[in-house]
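Please look through the sequence and the 3D structure that follow, and keep both at hand while reading. The report takes up the sheets, then the ligand, and then a few single residues.

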Amino acid sequence: MTITQSEGTAAVANSVLPARIPTVPGTEWWRSAVIYQVYPRSFADASGDGIGDLQGITSRLPHLAQLGIDAVWLSPFFTSPQRDGGYDVADYCDVDPLFGTLDDFAAFEDAAHELGLRVIVDLVPNHSSSDHVWFQEALAAAEGSPGRARYLFRDGKGPEGNIPPNNWDSVFGGPAWTRTTNPDGSAGQWYLHLFDSSQPDFDWQNPWVREQFRAVLRFWLDRGVDGFRVDVAHGMIKAEGLPDYTAPADSGSMGGGQVDPLGLEPEVQVTEAAPTPPYWAQDGVHEIYRDWRELLDEYSGDRVLVAEAWVDPMAKLAQWVRPDEMHQAFNFAYLGTTWTGPRMRRVIDESLEVFSSVGAPSTWVLSNHDVVRHASRLALTAENPQGHGIGPASPGQPLPELGLRRARAASALMLALPGSAYLYQGEELGLPEVINLPDESRLDPTWFRTNGERYGRDGCRVPLPWEANATAFGFSPTGESWLPQPADWAPFARDSQIGVAGSTLELYRLALALRAEYQLGFGSIGWLPGYGEEVVALQNGPVTVIANTGTVPVELPVGELLLCSEELVGGILSPDATVWLLAAH
Ligand code: GLC
């Protein structure tokens, strides 16, 4: 076992994957990896308090290895008041007691590495928690002092200074500025928070901020992590002078210009871009990532940076993954594409072209902790802007059976594509969005900041069902669960599906095994002609993949059946189904 250690830092390495030997450029693990997102709060609760924790995750790791993934990405487990599910960090170098201790993290990482799974942690650099000592010190510091310059404090407008410094809105609703109170009780300056008021934005023009984050990166790299998912990687630099900006009506809550995510407009182009807001996708972010890349490259093994960047068009997003910047970026254009043949082909073509133009692999993703789960989203019957979520009073309620069917087909298509794929915990069980959560259980700041107008993201964060007949479906030994699990979730439980032919879990396991066997992640695709507009038919190596997004059954070519998302009847592929075949020679 190798121990990595950077110069001048304490030797606090956890285990390091044995495969930390230089890889031939172009064949690095992350180029084809399937990376599984764990949302620690909702994965597995060992302590019994109803909130998932690191020991719980460690205890379930063998199940993830059995699924056939390559890496685990953990959403934040750092010290935090949990006002935004841990994306409000109060200490970047410690574990929140809710989730355990640094030793629990070390044990988790050792266990993951022993199982051959790499570990990616979440880095939240755009903002900290308002509880962070850096912000508390900034608040206590004098106006205009270096202490204040860590964050974006500004005077208000108007004679009383009671008008916010500009007109920006928070992603979670309401204004992006909050006014402070001086020690003598008088009203003070305002600070910027693109998200909740408990998440003040750093001033990344300040070298002090850059230095702190270099230390944070080293802290976790020295502990052997294999990489970072970088939160809001499009937001850290704001336009000079913080000018006013009014977002176009359809630009989505992340302002990323996800154009027509539900495909309600027949001819909209994936590449159409909204104007760049002064707080997103500013050119200045790139020098930060170049700096981080150099830092990561000091470490042995292929450590990675993954951008959560809601940037449109994709050609611009590709700038985040140039050879000297990050390794990967989430493909939200793919996530936002409706289940329609022409759009799927177009977004796949564009992704492969754009990412390969900068030497990066394309990534693919259908679900995460911020969006309506794809087993529901793909069968919504009305528009639902990203981040708004669905609840009991939302129009266009999803059709559950259709949703699951489409989700299985869409996942089977995604896992056949070259590049790297991201899975979100529970999608391998076919979990739907939970729509009927009691209002009083909701915790997403979006819900509070919009006075319940937007349901937000709690519906995709409900704790996982592991055992059909156990209390809290095996999530927690005491039956506690921070969000209530639907009573009818037993059929989704892992133990209802493992070893059951045709279950969603077995579909994922088979897809991942075949993907590895035929090296599909390192492959390339060609479209197969003659199937009609609504059929996505492609060849990746020896594997033929046919996905039927239309309403008409499709006759299949001769070949050995490898996988099907729905049972085939007489060699016919029904609507909303995907099949993998080995071409007959
Ligand atoms: C990212 C996270 C999201 C969080 C936000 C603010 O978009 O994925 O969950 O609320 O950043 O940190």
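## A pair of strands and its sheet

Strand β2 (residues 71-74) and strand β5 (residues 118-123) pair in the parallel sense over four bridges, where two strands count as paired if DSSP finds at least two bridges between them. Strands here are DSSP runs of type E with at least two residues, helices are runs of type H or I with at least four, and both are numbered from the N terminus. Within this pair, the bridge partner of W73 is I120 in β5. Helix α2 (residues 102-114) packs on the sheet and touches β2 and β5, and its direction makes about 140° with that of β5. Contact means heavy atoms within 4.5 Å, while axes are lines fitted to C-alpha atoms, for helices over the stretch in contact, with angles from 0 to 180 degrees between N-to-C directions.

The sheet is an open one of eight strands with parallel pairing, in the order β11-β10-β9-β5-β2-β1-β13-β12. Its edge strands are β11 (328-329) and β12 (363-365), each of which pairs on one side only.

## How the model is read

This is a predicted model, in which local features need pLDDT of at least 70 and side-chain atom pairs count only at pLDDT 80 or more, whereas totals for chains, interfaces and linings use all residues. Residues are numbered from 1 along each chain as its sequence is written, and side-chain values use heavy atoms, with hydrogens and water left out.

## The antiparallel sheet

Another open sheet is formed by five strands in the order β14-β15-β16-β20-β18, and its pairing is antiparallel. The strands at its edges, β14 (525-527) and β18 (559-564), each pair on one side only, and the twist from one strand to the next averages 25°.

Inside this sheet, strand β15 (residues 535-540) and strand β16 (residues 543-548) run antiparallel and are joined by six bridges; the bridge partner of N540 is V543 in β16. Helix α8 (residues 341-356) packs on the sheet by touching β14 and β15, with its direction at about 145° to that of β14. Helix α13 (residues 504-517) also packs on the sheet, where it touches β18 and β20 (577-583), and its direction makes about 130° with that of β18.

## Around the ligand

Which residues come nearest to the ligand? Of the 15 residues around the ligand, these are D84, H127, D231, E308 and D370, where a residue is near a molecule if one of its heavy atoms lies within 4 Å of it.

A polar side-chain atom of D370 lies 2.4 Å from a ligand oxygen, a polar side-chain atom of H127 lies 2.9 Å from a ligand oxygen, and an N or O atom in the side chain of H369 is 2.9 Å from an oxygen atom of the ligand.

Is Q82 buried or exposed? Q82, which lies in the loop between β3 (78-79) and β4 (91-95), counts as buried because its relative accessible area is 15%, and buried means under 20%, exposed over 50% and partly exposed in between, using a 1.4 Å probe and protein chains only. Leaving aside neighbours within four places in sequence, Q82 is in contact with R41, D88, D96, L98 and F99. With R41, the side chain of Q82 makes a side-chain polar contact of 3.3 Å; such a contact is a pair of N or O atoms within 3.5 Å, and within protein one must be able to donate a hydrogen and the other to accept it, while residues adjacent in sequence count only if both atoms are side-chain atoms.

D103, by contrast, is exposed, with a relative accessible area of 63%, and is found in helix α2. D103 and L54 are 49 residues apart in sequence, and their C-alpha atoms are 9.8 Å apart in space.

## Backbone and cysteines

Most residues other than glycine have a negative phi, and most peptide bonds are trans. V232, in the loop between β9 (227-230) and α5 (285-297), has a positive phi near 45° and is buried at 2% relative accessible area. Q519, in the loop between α13 and β14, has a positive phi of about 55° and counts as partly exposed at 45%. A cis peptide bond, with omega about 0°, joins D312 and P313.

A search of the whole structure finds zero disulfides, a disulfide being a pair of cysteine sulfur atoms within 2.5 Å. Of the cysteines, C460 is buried at 1% relative accessible area, whereas C564 is partly exposed at 24%.
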